[in-house]
Amino acid sequence: MIVERSEAVALLALESSGAQASVAVGVGDELRAEVVIEDSLQQAASLIPAVDKALREAQLARTELDGVVVGEGPGSFTGVRVAAATGKGLAQALSVPLWAVPSLIGAALASEVGLVRYALFDARADRIYGACYSIDGSKVEELLPSHAGTLTEVFEREIPRGTVFMGNGAERHRAAIEK
């Protein structure tokens, strides 16, 4: 869908596929507000209050939103459903479009470090979800597609020189990555 407007598009983004959940409001290229929910057991109960808080901080009413974006995972099945159901409900109530975006791309875009970013999410039991992207401004190129596996399997792949690792999987396996 192409939105043609003379003013900047206002989007609400919901992500709850991991241990933390987040809500963000962006207008055009500007991040107006971000609220992080640290307690993974409170994501479902805290998401709508976080939406309200983010909209207040962004100085926007729900009716001023042009669309809703949700993280589609990979990650916690329940967490993905929380953001999807909340986003779908809001989008339908406001009669705005709903878009699902891979959570790994979201993690890579959220960082401003490095042109090549390898997002790793902890999948428990020494497993990870990962994908590698080249990011140049708003242009994103997938270098290594989304995959599940072990960190050993990640290192068996051809990793571009200068790659920056990010995400809770990278934090968990920091020592091994630094080697």
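Mentor: A nonpolar core here is a set of buried Ala, Val, Leu, Ile, Met, Phe, Trp, Tyr and Cys residues joined through side-chain atoms within 4.5 Å. Keep in mind that this is a predicted model.

Trainee: Which residues touch the most other members of the largest nonpolar core?

Mentor: That core has 25 residues, and Leu-12, Leu-14, Val-23, Val-25, Val-51, Leu-60 and Val-68 touch the most other members.

Trainee: And which elements give two or more residues to this core?

Mentor: Strands S1, S2 (21-27), S3 (30-37) and S4 do, along with helices H1 and H2. H1 gives the largest share, six residues.

Trainee: Which residues is Leu-14 in contact with, leaving aside neighbours within four places in sequence?

Mentor: Among them are Val-23, Val-51, Val-68, Ala-83 and Thr-86.

Trainee: Switching to H2. Which of its residues are buried?

Mentor: Gly-79, Val-80, Val-82, Ala-83, Thr-86, Gly-87, Leu-90 and Ala-91. Down the axis of H2 they fall within an arc of 155°, so they line one face of the helix.

Trainee: What covers them?

Mentor: The cover includes strand S1 (10-15), helix H1 (43-58), strand S4 (67-71) and strand S5 (98-101).

Trainee: Which exposed residues sit on the face turned away?

Mentor: Phe-77, Ala-85, Gln-92 and Ala-93.

Trainee: How far does H2 reach from its first C-alpha to its last?

Mentor: H2 covers residues 77-94 and reaches 26 Å, close to the 26 Å expected. Just after H2, Ser-95 takes a positive phi of about 55°.

Note on methods. Residues numbered from 1 in each chain as written. Predicted model: local features only at pLDDT ≥ 70, side-chain atom pairs only at ≥ 80, totals over all residues. Heavy atoms only, no water. Helix = DSSP H or I, 4+ residues; strand = E, 2+ residues; numbered from the N terminus. Expected span 1.5 Å × (residues − 1). Buried < 20%, exposed > 50% of the residue type's maximum accessible area, 1.4 Å probe, protein only. Arc of directions from axis to C-beta. Contact = heavy atoms within 4.5 Å.
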